[in-house]
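Please keep the sequence and the structure in view while reading.

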Amino acid sequence: MSAQTAAPPTQTAPSRRTRWLRGAREFILHAILQDRVLQRAYPGVMHLLIFWGMVIQLIGTVIVILQYPLFLPIELPWPRQAAYLGFELVMDLGGLMIIVGILMATLRRIVRKPSFLINRWDDWYALALLFVIALLGYSTEGVRLMSVSPEWRAWSPIGNLFAKGFTAVGLDLSGESSLHDFLFWAHTAVGLLFIASLPFTKLRHMISGSINIVFRPQLASGALEPIKDIETAEKLGAGEIDEFHSNALLMFDACVQCGRCEDVCPSTFSGMPYSPRSLLQALYTSMKENLISSSNTKESISFGDMVGKENPWLCTTCGDCISTCPLFIDPVLAVIELRRYMTLTTGDVPGPVGETLTHMERRGNPWGLPKENHAPYLKELGVRVLQPGEFTDTLLYLGCAFGYDNRSQGAGRALISLLKRAEVDFAVLGPAEGCCGETARRLGHEYVFQVMAEENIATFESVKFNRIVTPCAHGYNTLKNEYPQFGGNYTVLHHTELLSELIAEGRLTVDREADDQVHTYHDACYIGRYNKIYDEPRDVLGSIPALKLTEMPRHREHAFCCGGGGGHMWMEIDPNTRINHRRLAEVTDDAKADVVVTGCPYCLIMLDDAIRSKGLVEEVAVKDIAEVLTTHMDE
Ligand code: SF4
Ligand code: SF4
């Protein structure tokens, strides 16, 4: 029996037609129009000029070839007359786009030199090849215009410029015919070299990248792929390159090493010996050596040699690389597969990871605390505990942090006072509430996660409710996007969404104006980037009269991580590479804020830790959004 009285959303496999339509849409939007590439102005325009210049030249060349009955029994009767003039102009401009794009790329690589950009031989090879093709095309056209001198030559402005240039340098026209033939065949030969180079150079990303865009795994945003039939599965994670799924291998191949992921990665930025680009490069190299080596005696590459044992633990799963990569490559997918191998197959994991997983297995929560310690304030505040078979409109799922962590418990109290004030019909599960299992899943222990998910779903099924509300960003993502993989389909709201709704309905009003403290909102990765909850928390803060709200430079979709996700909250991080310290610097130095507000207990804990270890308790505070609201309300 379903737990809800309201109709739950259900996860059904999309029909073939839906999948094709989706694939076509993705191809047009991301491969043809390149919306992701354009997220960054300079390289975006540069790449678009080269790409569209090539597309124009390619289509134009096919049209020219079809003028002759070489492949088809008919001659293409288009373009003629005025259309031909337009055709000449467009082809001419297509070549110009390529040249301008290549000059921009060269300038970027030699002069601008962004730190994340590396120069490999095939970067220069691809640029040089395209430049030579464009140059030979214009030269061929210039010689043709010199010899024929048609009235319409102005419609081919760059070709005409080349013709004038040849004339100016006194090119001997007596041999123009053989020169034209030479240039034509040279142009054709370099064009064929371009096609022949596709499989062996970065140029193949045009194909592998497009395939990845269209056929990449279509999971809910923020969800990891489950290990199916985990009790009997033969393969748990990937310890060798050929244990990765073909989708992952395609991703490794499609990566052009552009470095955009590295540029946004909080681990790289904080100085950890890790970058998603390097990880993908290492996996690609292993793939090349192991899977496509012609050697008959090839040996599988050991896990340590493939990526280094520490590497997969340095990712916070913040997802910024995923939302930045123009080819929709997902480094987290590789990270989790590698972690699963270490956690489930070898057991060779860093000490704190092992301890956290042991806590989850033995105590049922990453804190390793007894159940009695979970949210003692619920009893004190008289919160109703839902019994099997009973109904409530809103099931409040607190999660472990709001239950066990001292700092977060204060935020839990604030939230409950707001729900009471707004007269929300809500209840909790009390001792029946289990950990959502997110930490285990992100640390690679899929088995513990699946057990916890199934237990929680059974508990949810034993009571009746319309919706679940949780103040935990990680729990929200797990319940909303990952539990449907196990049949748990619920309407899940984050508390920022509920508070925004209550304020909009007039059920929650603020009593006092804000003082002159400057606030800034920190978007938690698991409600922001993965679930697009950006406006609701800002609406809540905006409802407080006179509240001074400022943004950090990195906010909303490209907000910088707090450093607590992906199990990092439980790991020992070198004090010199702490991500939370970098984020705090953005709060104090960039936003010049007195209060940083968040909607995630991990962010609360990580930023609180940074404030304390930096000795800034007097200067800056971190608060959950519920605490900010209650601060501006009378008792
Ligand atoms: S994963 Fe994407 S963003 Fe990162 S280097 Fe490869 S292509 Fe660029
Ligand atoms: S998910 Fe975040 S921490 Fe992990 S590789 Fe991507 S950007 Fe870096």
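## A buried isoleucine

In this predicted model, Ile158 has a relative accessible area of 16% and is therefore buried (under 20%; exposed is over 50% and partly exposed in between, with a 1.4 Å probe and protein chains only). Ile158 is in contact (heavy atoms within 4.5 Å) with Asp92, Leu96 and Tyr138, leaving aside residues up to four places away in sequence.

Residues are numbered from 1 along each chain as its sequence is written. As the model is predicted, local features need pLDDT of at least 70, and side-chain atom pairs count only at pLDDT 80 or more.

## Helix α5

Ile158 lies in helix α5 (a DSSP run of H or I, at least four residues, numbered from the N terminus).

Ile158, Gly159, Asn160, Ala163 and Phe166 are buried in α5. The buried residues of this helix pack against α3 (81-112) and α4 (121-148). Just after α5, Gly170 adopts a positive phi of about 75 degrees.

## Nonpolar cores

A nonpolar core is a set of buried Ala, Val, Leu, Ile, Met, Phe, Trp, Tyr and Cys residues joined through side-chain atoms within 4.5 Å. The largest has 142 residues, and Phe244, Phe252 and Phe460 have the most contacts inside it. Helix α25 (residues 601-613) supplies the largest share of this core, eight residues. A second, separate core of 30 residues includes Met104, Leu130, Tyr138 and Leu145.

Notes:
Chains are lettered from A and ligands numbered from 1 in the order in which they are written. Side-chain values use heavy atoms; hydrogens and water are left out. Helices (H or I, at least four residues) and strands (E, at least two) are DSSP runs, numbered from the N terminus.
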